[in-house]
Amino acid sequence: DRDIGDRTLVLEQMLTTGGGWQDQYGGILHGIKQLETKPGLDQIPDVRWLPKTLFNDPVYMPSLLLYYTGITRVAKDLLGEIVRGMFLNKKEHLDILNRLFLHAGEVNDLIQRGQFEGVGRAIRRTWELNQQLDAGTNPEEVQNILKPIDDWLLGMKLLGAGGGGYILMVAKDSNAAVSIRKHLEKNPPNSKARFVQFIVSDTGLQVTRS
């Protein structure tokens, strides 16, 4: 797993896309987890698995929605702006990054305590902090998708670097989730947009070849 993670990190740099280690380890390793590394070039994540209760409980699963926006973006442009702020030691930038670090611990605690509403609202807060780092993480096309359904949502977040791709949405309850589905299925932003089944993997990413 570590070899795959390291090779992916190197490949991303060779392709000039930038990026870190979190996406590949998040995909390779199964389940819900908190990943943390220390400073330095040798990034070896410390993995702590969290309970999946909120994400596979029949009571809560209908409220977890994964939606492909059909909007593509180049992640390296967004990442470049964020990393530039770090290297320039911009105080406002570093303050937001520190808040994100502390916020991750808060989300960890909410998941362990089984606080579904709290986790939903925390996901909204995460994305708000992301947007403070770079407003480009939430372009106008995405805002137009979310504005009509916001009253039904506890939280939402574009996954990855933002700008497009997939939205994770946490509905207030199963009825709100049904309303969200009906609205977006009736009013898709483009021909590629669609709902995707949300499941927590018990195996992690598996690649085979023949």
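**First stop: a loop residue**

Select Gln-115, which is partly exposed, with a relative accessible area of 36%; buried means under 20% relative accessible area, exposed over 50%, and partly exposed in between (1.4 Å probe, protein chains only). The model is predicted, so local features need pLDDT of at least 70 and side-chain atom pairs count only at pLDDT 80 or more, while totals for chains, interfaces and linings use all residues. Residues are numbered from 1 along each chain as its sequence is written, and side-chain values use heavy atoms, with hydrogens and water left out.

Gln-115 is found in the loop between α5 (91-112) and α6 (116-133); helices (H or I, at least four residues) and strands (E, at least two) are DSSP runs, numbered from the N terminus. Not counting residues up to four places away in sequence, Gln-115 touches Leu-54 and Leu-110, where contact means heavy atoms within 4.5 Å. The C-alpha atoms of Gln-115 and Leu-54 are separated by 7.9 Å, although the two residues lie 61 apart along the chain.

**Second stop: the largest cavity**

Next select Leu-54, Phe-55, Leu-64, Phe-116, Val-119, Gly-120, Ile-123 and Val-170, which line the largest cavity. A cavity is a set of points, on a 1 Å grid over the protein atoms alone, where a 1.4 Å probe fits but cannot get out; lining residues have an atom within 4 Å of a point. Its volume is about 40 Å³, a volume being the space filled by probe spheres set on grid points joined across faces, edges and corners. α6 gives the most to this lining, with 4 residues.

Now select Leu-146, Ile-167, Met-169, Ile-180 and Leu-184, which touch the most other members among the 20 residues of the largest nonpolar core. Such a core is a set of buried Ala, Val, Leu, Ile, Met, Phe, Trp, Tyr and Cys residues joined through side-chain atoms within 4.5 Å. α8 gives the most to this core, with 4 residues. Centre the view on Ile-180: its contacts beyond four places in sequence include Leu-65, Trp-152 and Phe-195.

**Last stop: confidence**

Finally, colour by pLDDT, the predictor's confidence in each residue, from 0 to 100. The protein has a mean of 90, and 96% of its residues reach 70 or more. Confidence is highest in helix α8 (residues 174-186), at a mean of 98, and lowest in helix α4 (residues 75-87), at 68. Where pLDDT is low, the predicted coordinates should not be read in detail.

Key. On a 1 Å grid over the protein atoms alone, a cavity is a set of points where a 1.4 Å probe fits but cannot get out, and a pocket is an open set with protein on both sides within 12 Å along at least five of seven lines; lining residues have an atom within 4 Å of a point.
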